[in-house]
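Good morning, and thank you for the time. I would like to go through the interfaces and the charged pairs of one model.

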Amino acid sequence: MPILSIKNLTMAFGGLAALTNINITVEKDELVGLIGPNGAGKTTIFNLLTGIYTPTQGVIEYQQNGSTRTINKLKPHVISSLGIARTFQNIRLFKDLTVLDNIRISIHKNVNYGVMPAFFKLPRVYSEEREILGKSNEILEIFGLESKKYELAKNLPYGEQRRLEIARALATNPSLLLLDEPAAGMNPNETSMLTDLIKWIWKEYGLTILLIEHDMSVVMKICERIYVLDYGMLIAEGTPEEIRTNKRVIQAYLGGELQNDA
Amino acid sequence: MEQLLQQLVNGLSLGSIYALISLGYTMVYGIIRLINFAHGDIYMIGAYVGYVCMRHLKLGFFESLIISMVFCALLGILIEKIAYKPLRNSARITALITAIGVSLFLEYSTMAVATATVRTYPADVLINKTFSPIKGVIVNIQQVYIFIITIALMLLLQFIVHKTRIGKAMRAVSADKDAARMMGINVDNTISYTFAIGSALAGAAGVLVGIYYNTINPLMGMLPGLKAFVAAVFGGIGIIPGAFIGGLTIGIIETMVSGYVSSLYKDAVAFAMLILILLVKPSGLLGKNIREKV
Amino acid sequence: MKDTIKRLLQYTASVVLLYALIQLLIFAGIINEYYQVTLAMICINIILAVSLNLITGFTGQFSLGHAGFMSIGAYTCALMTLRVGGLFSFILGILLGAILAAMVGFIIGMPTLRLKGDYLAIATLGFAEIIRIILLNLDFTGGARGLADIPRYTNWTWLYIFTVICIVVTVNFIKSSHGRVCISIREDEIAAETLGINITRYKVLSFVIGAFFAGIAGALYASYFYYIKPGLFGFLKSIDILVIVVLGGMGSITGSILASIFLAVISTYLQAFAEFRMIIYAVILVIIMIFRPQGLMGTKEFKPEQVEKRIKERNNR
């Protein structure tokens with residue numbers, strides 16, 4: 001039973017088709033990669049999965065606790081509550097808030113006290129806030145950010161910002177995690193640490209992960225299966241080994257690289 | 001039927017004035033994404049300059065119109081250089097609040113200089129005669145003047161924007177400021193030109209309204225300014241023909257409402273329309289939807 | 001826990017002390033009738049600014065219609081005290097005015113808060129103008145002449161009570177998980193949404209809370225100044241409130257409080273030059289925006305504990 005199935009997905013902006021007839025399935029507990037040259041439509045798929053865009057055509061099905069739901073018409077916050085979390089290619093932290101607040105905000109949906117108790121700061125607010133704090137500290141510790149919890153997110157070094165964004169996504173307690181180029185802009189050392197971290201949270205939290213990545217070393221190292229996207233169309237699917245030798249993929253990437261150089 | 005036609009004639013004159021103000025709004029918004037709140041007050045200043053020219057300097061209509069337009073153009077450039085230019089890279093809200101500040105400054109400075117008293121334009125600057133093209137419908141020659149001048153200025157503007165180098169630069173800067181700069185366009189000058197042209201149009205509107213309604217006062221720019229903005233949004237902000245259509249539409253609806261419902265509600269109608277447009281089609285009548293890039 | 005209780009007691013004590021001190025000065029005649037007007041303006045402005053700050057500074061929703069909500073509170077309380085009379089009608093008028101303002105806030109907020117930035121600003125401005133025009137056209141609100149001879153029940157005690165309630169409730173809210181969510185919407189709507197936050201709900205919530213307190217401010221105003229008319233609650237009044245918030249710093253409650261005091265004192269001294277007052281206002285506004293767009297305080301708060309700590313640190317050196 002797949003946790004996520006994307007069926008015949010098409011997305012057009014104005015008259016321009018960004019994605020054409022995409023079919024992707026992700027099984028529970030899988031770690032799947034999504035690769036492709038710049039502008040292939042990878043991030044658009046994430047935006048469709050998280051409800052930021054509504055697809056022009058096609059269906060997205062998400063399976064949770066044995067029941068399947070069509071999620072392509074739901075709002076982002078509803079989708080998040082179903083257990084899909086994501087990071088962003090261009091890091092969208094709450095930059096002017098502290099590291100701790102970034103995490104606390106994403107635990108908000110577990111908060112039980114209402115607005116009225118908040119106004120008057122009733123005792124239950126204190127006790128629940130303590131709980132939130134404990135949970136946040138736990139997550140920050142795992143990601144090695146505990147010592148920086150009172151710093152503003154924007155003051156963290158780049159690599160730690162990326163890590164914080166993953167931590168923040170994890171704090172929503174997802175079953176499916178979508179990572180959009182988590183290693184972008186990192187040096188080889190940071191990248192390899194991040195790769196280990198992703199692998200670790202994947203196992204530890206029993207997550208299913210869909211990963212967009214440019215860095216082939218990351219994708220080849222941790223992904224079980226890979227989808228390749230080019231010009232809004234799927235051109236290949238398979239294990240890292242199969243993808244490495246796939247002619248169309250090589251062509252797409254060489255073409256892509258030539259364009260990049262020009 | 002006759003009443004309807006009569007209201008239509010009145011609506012077209014009022015709408016022409018809104019359209020002239022609205023054009024400046026739309027141009028400035030198109031180029032620097034700023035709701036220039038002070039624009040309505042430039043129109044007020046235009047009316048005062050016209051007043052001084054006609055009352056005190058005893059100049060004729062066209063001389064006064066041109067002097068007022070030039071004065072407002074310079075004022076527009078000055079305001080942009082002093083107040084808006086330092087804020088070009090800051091948050092849009094910051095710029096909007098600044099614009100409100102400039103607006104208050106113009107209103108109350110005028111009040112300090114010219115006092116709050118209502119001034120009256122001389123009644124004989126333009127031929128003040130009426131004729132009746134259809135039985136029961138009365139048209140003042142002044143109304144014809146207003147309409148023709150508006151159309152002429154609007155065509156001139158279209159010509160500038162689409163056929164001249166400055167216009168091309170404006171369109172380039174409005175599409176992408178940085179790319180335009182890299183192509184060797186002087187962005188600062190282009191923005192200055194935009195303010196100059198927009199403000200000149202507002203100045204013209206000020207003189208026309210002085211002629212049409214006779215009375216002017218330091219706070220006269222506030223409501224028409226807001227309504228002209230509504231007109232710009234209605235037509236699709238940043239789009240010149242849109243502002244023109246929007247201005248005429250609001251003018252006509254307003255006169256219809258004061259004619260058929262109650263003149264007390266005419267101001268509410270413009271705002272109700274604005275809210276309706278924003279909710280139904282925020283991009284306006286001729287606008288395209290743009291979504292935020294994620 | 002002990003620390004929390006200790007701090008709570010300290011705050012309560014200083015709040016009571018400030019009240020008693022000013023009450024004493026009023027009794028002694030040091031704060032005369034003339035300065036009491038300034039005092040009332042300070043309190044009313046604090047309520048207005050803090051509540052607008054919640055909407056604009058903390059939740060990031062730019063509103064140019066705060067005076068509209070104020071007018072609803074003002075008219076409700078004025079009509080209550082004029083028609084029914086008595087202290088009871090005053091209190092009921094305040095509450096009813098606040099609730100009505102909150103309801104209108106909800107009705108306006110639901111559709112408009114989908115809009116962003118300056119479009120939202122214009123839409124709220126439009127709604128406030130519509131409220132004003134309706135008040136202008138209704139019979140029982142007295143049309144353009146407004147309502148006169150409103151009994152005065154508002155005094156220092158009531159002003160102080162409601163100002164403190166407004167500040168405490170707003171601060172508690174901001175410090176709670178709900179408040180943090182509002183701030184996250186200001187920071188990045190899309191990120192907040194993907195973290196499971198129903199942004200519309202929280203935008204409307206902060207709008208409703210803000211409108212509620214603006215209603216209270218209006219009610220206090222009506223019952224202090226005897227006389228209200230629609231013209232008092234126009235676009236300029238909304239700008240007035242916005243100037244306080246911006247001057248103090250969007251996202252700083254203490255900033256709003258300081259700015260309210262500062263501007264009320266200035267305008268008391270500039271009373272004689274009403275026109276120049278507006279010019280000076282305008283110039284201040286533009287200068288702040290150019291040189292210090294984050295306002296006096298930015299998003300920082302002034303905390304007595306920090307001052308204490310600084311002094312201690314200096315002494316230890």
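I begin with a definition: a residue is called buried under 20% relative accessible area, exposed over 50%, and partly exposed in between, with a 1.4 Å probe and protein chains only. The model is predicted, so local features need pLDDT of at least 70 and side-chain atom pairs count only at pLDDT 80 or more, whereas totals for chains, interfaces and linings use all residues. Residues are numbered from 1 along each chain as its sequence is written, chains are lettered from A and ligands numbered from 1 in the order in which they are written, and side-chain values use heavy atoms, with hydrogens and water left out.

Let me turn to salt bridges, meaning a side-chain nitrogen of Lys or Arg within 4 Å of a carboxyl oxygen of Asp or Glu. Over all chains, a search of the whole structure finds 25 of them.

In chain C, Glu187(C) pairs with Arg186(C) in a salt bridge whose closest N and O atoms are 3.4 Å apart. Glu187(C) is partly exposed at a relative accessible area of 22%, and Arg186(C) is partly exposed at 27%.

Glu189(C) forms a salt bridge with Lys203(C), with 3.1 Å between the closest N and O atoms. Because Glu189(C) lies in helix H8 (residues 189-194) and Lys203(C) in helix H9 (residues 199-225) of chain C, the pair ties together parts that are 14 residues apart in sequence. Helices here are DSSP runs of H or I, at least four residues, numbered from the N terminus. Glu189(C) is buried, with a relative accessible area of 16%, and Lys203(C) is buried, with 3%. Salt bridges that share partners also join Asp101(A), Arg104(A), Glu129(A) and Arg180(C) into one network.

Arg132(C) and Glu129(C) form a further salt bridge, their closest N and O atoms being 2.8 Å apart. Why are these two separated by about one helical turn? They are three residues apart in helix H5 (residues 117-137) of chain C. Both Arg132(C) and Glu129(C) are buried.

Next, the interface of chains B and C. With contact taken as heavy atoms within 4.5 Å, 42 residues of chain B are in contact with 36 residues of chain C. The two chains bury about 3,600 Å² between them, 83% of it on carbon and sulfur atoms; buried area is the accessible area (1.4 Å probe) that two parts lose on being put together, summed over both. Ile97(B), Tyr108(B) and Leu279(B) supply 16% of the area that chain B buries against chain C, more than any other three residues. How many salt bridges are there between chain B and chain C? The count is zero.

Finally, chain A. Its domain assignment, automatic or from a database, gives domain 1 (2-96 + 158-261) and domain 2 (99-151). Their C-alpha centres lie 29 Å apart, and the contact takes 17 residues from domain 1 and 14 residues from domain 2. The two domains of chain A bury about 1,400 Å² between them, 67% of it on carbon and sulfur atoms. On the domain 1 side, Phe94(A), Leu164(A) and Ala171(A) lose the most area to domain 2, together 36% of what that side buries. Across this interface of domain 1 and domain 2 of chain A, the rule finds one salt bridge.
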